Amino acid sequence: MEKPLAARAGLGWQGKHTNLVSRRHGSWLFLGEIYTTLALAPDAPEADHCGACQRCLDVCPTAAFPAPYKLDARRCISYLTIEHKGPIPRALRPLMGNRIYGCDDCLAVCPWNKFAQPHATPDLLPRAELTAPRLAALAALDDPAFRQLFSGSPIKRTGRDRFVRNVLIALGNSGDAGLAPVAAQRLADASPLVRGAAVWALERLLDGAAFAALRAQLLATETDPQVRDEWSAAS
């Protein structure tokens with residue numbers, strides 16, 4: 001409810017990407033709430049200033065906006081990489097590119113961002129060790145290492161298995177066959193979610209013969225039905 005409340009409070013309007021847009025801050029802002037019993041005079045709601053622009057709709061990698069001001073969360077990369085608990089639909093995986101936690105393309109392209117100013121709030125600054133992480137290193141994280149790396153970060157809430165699932169999809173989209181051994185290491189992972197994503201990544205990174213040999217070796221011993229489905233669905 002924070003977005004419609006913020007719009008009613010005059011902080012901005014809900015743009016065509018369904019997020020709040022501010023004439024002062026653009027799309028890059030955090031919203032907070034104060035609950036009080038004080039009788040405060042309300043500010044006037046902000047008008048919609050999107051006009052004919054639809055950059056946010058056009059830039060979406062997965063076409064998650066069926067219409068302006070409407071979001072199909074089932075196709076939204078932010079939802080899929082953070083909230084979605086199971087395997088990500090196969091048709092959407094190639095569209096995710098190397099996005100492993102959220103997306104925000106629709107926010108980044110908003111022309112109102114030209115009014116945004118850089119901040120110097122220490123708690124919101126990027127951590128140096130996470131500014132350019134290597135996919136191979138992230139794919140190798142076990143649960144203790146994941147918790148240590150992302151301690152104090154909202155990424156930790158996603159959990160190690162979902163996060164590594166996302167990393168493996170990015171590996172599969174990399175087009176770098178040299179990363180195939182990294183994905184292959186996750187075929188023995190304790191998490192079926194991770195193993196299934198590793199299968200998909202290897203389908204994309206290996207040639208047909210090498211992948212078929214892996215499938216012949218491992219499909220017979222795989223007990224999880226969703227992982228078996230990944231092996232079977234591979235072309």
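1. This is a predicted model.

2. Helix α11 spans residues 225-233, and its buried residues are V227, E230 and W231. Viewed down the axis of α11, these buried residues fall within an arc of 95°, so they line one face of the helix. An α-helix has 3.6 residues a turn, so residues three or four places apart point the same way.

3. The face of α11 turned away from the buried side carries the exposed residues P225, D229 and S232. The cover over the buried residues of α11 includes α9 (192-205) and α10 (208-218).

4. Helix α9 also packs with α7 (residues 160-174): their axes come within 8 Å and cross at roughly 5°. The two helices α7 and α9 are therefore roughly parallel to each other. By class, the contact of α7 with α9 has 11 nonpolar, 3 polar and 5 charged residues. On the α7 side, the residues in contact include V164, L168, I169 and L171; among those they meet in α9 are L193, V194, A197 and W200.

5. A separate point concerns S22, which lies in the loop between β2 (20-21) and α2 (55-59). With a relative accessibility of 4%, S22 counts as buried, because the cut-off for buried is under 20%. The side chain of S22 reaches the backbone nitrogen of H25 at 3.0 Å. Leaving aside residues up to four places away in sequence, S22 touches L11, G12, W13, L29 and W112.

Note on methods
Residues are numbered from 1 along each chain as its sequence is written. This is a predicted model: local features need pLDDT of at least 70, side-chain atom pairs count only at pLDDT 80 or more; totals for chains, interfaces and linings use all residues. Side-chain values use heavy atoms; hydrogens and water are left out. Buried means under 20% relative accessible area, exposed over 50%, partly exposed in between (1.4 Å probe, protein chains only). Helices (H or I, at least four residues) and strands (E, at least two) are DSSP runs, numbered from the N terminus. The arc is that of the directions from the helix axis to the C-beta atoms. Contact means heavy atoms within 4.5 Å. Axes are lines fitted to C-alpha atoms, for helices over the stretch in contact, and angles run from 0 to 180 degrees between N-to-C directions. Angles under 35 degrees count as roughly parallel, over 145 as roughly antiparallel, 65 to 115 as roughly perpendicular and the rest as oblique. Ala, Val, Leu, Ile, Met, Phe, Trp, Tyr, Cys and Pro count as nonpolar, Asp, Glu, Lys and Arg as charged, and the others, Gly among them, as polar. A polar contact is a pair of N or O atoms within 3.5 Å; within protein, one must be able to donate a hydrogen and the other to accept it, and residues adjacent in sequence count only if both atoms are side-chain atoms.
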